[in-house]
Amino acid sequence: MDDQTWRDFANCKDADPNLFYTDPETTGSEASAQRKQAKAICNNCPVREPCLAYALKHELKGVWGATTERARRDNRKRLGMVLNDPSAGHLSSLLTQRYYEHV
Ligand code: SF4
């Protein structure tokens with residue numbers, strides 16, 4: 001089971017969840033503006049790295065760790081991450097730092 005104690009320190013604890021999970025009927029510039037607001041909340045979040053690692057591992061929807069689902073999907077392929085390989089174990093801080101260097 002994943003340790004999710006990092007969630008206690010999340011900048012988004014009291015934020016509007018609609019910013020992080022855009023309604024499918026919200027599109028275009030409005031959806032883009034919501035994602036930008038979400039990423040701005042993430043940018044100085046103290047738990048950005050474990051949040052991103054969690055989202056990568058579980059292939060989650062929405063904005064996590066200042067990244068969108070699409071950005072994670074695209075960059076996961078590019079970095080050749082084998083997230084479901086049990087031998088990979090827990091994603092390290094180094095891996096998430098490497099990810100941020102490429103997005
Ligand atoms: S990085 Fe963003 S989504 Fe993740 S816990 Fe922090 S504010 Fe929330």
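**Entry 1: ground rules**

I number residues from 1 along each chain as its sequence is written. Since the model is predicted, I take local features only at pLDDT of at least 70 and side-chain atom pairs only at pLDDT 80 or more, while totals for chains, interfaces and linings use all residues.

**Entry 2: confidence and layout**

I looked up pLDDT, the predictor's confidence in each residue, from 0 to 100. The protein chain averages 84, and 79% of the residues score at least 70. I then listed the helices (DSSP runs of H or I, at least four residues) and strands (runs of E, at least two), numbered from the N terminus. I found 5 helices and 0 strands, in the order α-α-α-α-α along the sequence.

For burial I counted other C-beta atoms, placed from the backbone, within 10 Å of a residue's own: 20 or more is buried, 12 or fewer exposed, and in between partly exposed. Of the 103 residues in the chain, 18% are buried. I call two residues in contact if their C-beta atoms, placed from the backbone, lie within 7 Å. Among contacts with a separation of 6 or more, 55% join residues 24 or more positions apart.

**Entry 3: helix 2**

Which residues of helix 2 are buried? I find Arg-35, Ala-38 and Cys-42. They lie on the same side of helix 2, because they cover an arc of only 60° around the axis; the arc is that of the directions from the helix axis to the C-beta atoms. An α-helix has 3.6 residues a turn, so residues three or four places apart point the same way. The buried residues of helix 2 pack against helix 1 (17–20) and helix 3. On the other side of helix 2, I noted Ser-29, Glu-30, Lys-36, Ala-40 and Asn-43 as exposed.

**Entry 4: helix 3**

Helix 3 is mostly covered, with 8 of its 11 residues buried. Among them are Arg-48, Cys-51 and Tyr-54.

The shell holds Ala-10, Asn-11, Cys-12, Ile-41, Cys-42, Cys-45, Val-47, Arg-48, Cys-51, Trp-64, Gly-65 and Ala-66. Helix 2 and helix 3 (48–58) are the elements that give two or more residues to this shell. By class, I count 9 nonpolar, 2 polar and 1 charged. Here Ala, Val, Leu, Ile, Met, Phe, Trp, Tyr, Cys and Pro are nonpolar, Asp, Glu, Lys and Arg charged, and the others, Gly among them, polar.

**Entry 5: the loop between helix 3 and helix 4**

Most residues other than glycine have a negative phi. I noted a positive phi of about 65° at Ala-66, which sits in this loop. Ala-66 counts as partly exposed because it has 19 C-beta neighbours inside 10 Å. Glu-59 is in the loop too, just after helix 3, with a positive phi of about 50°. Glu-59 has 12 C-beta neighbours inside 10 Å and so counts as exposed.

Leaving aside neighbours within four places in sequence, Glu-69 is in contact with Lys-61 and Gly-62.

Key. Near = placed C-beta within 6 Å.
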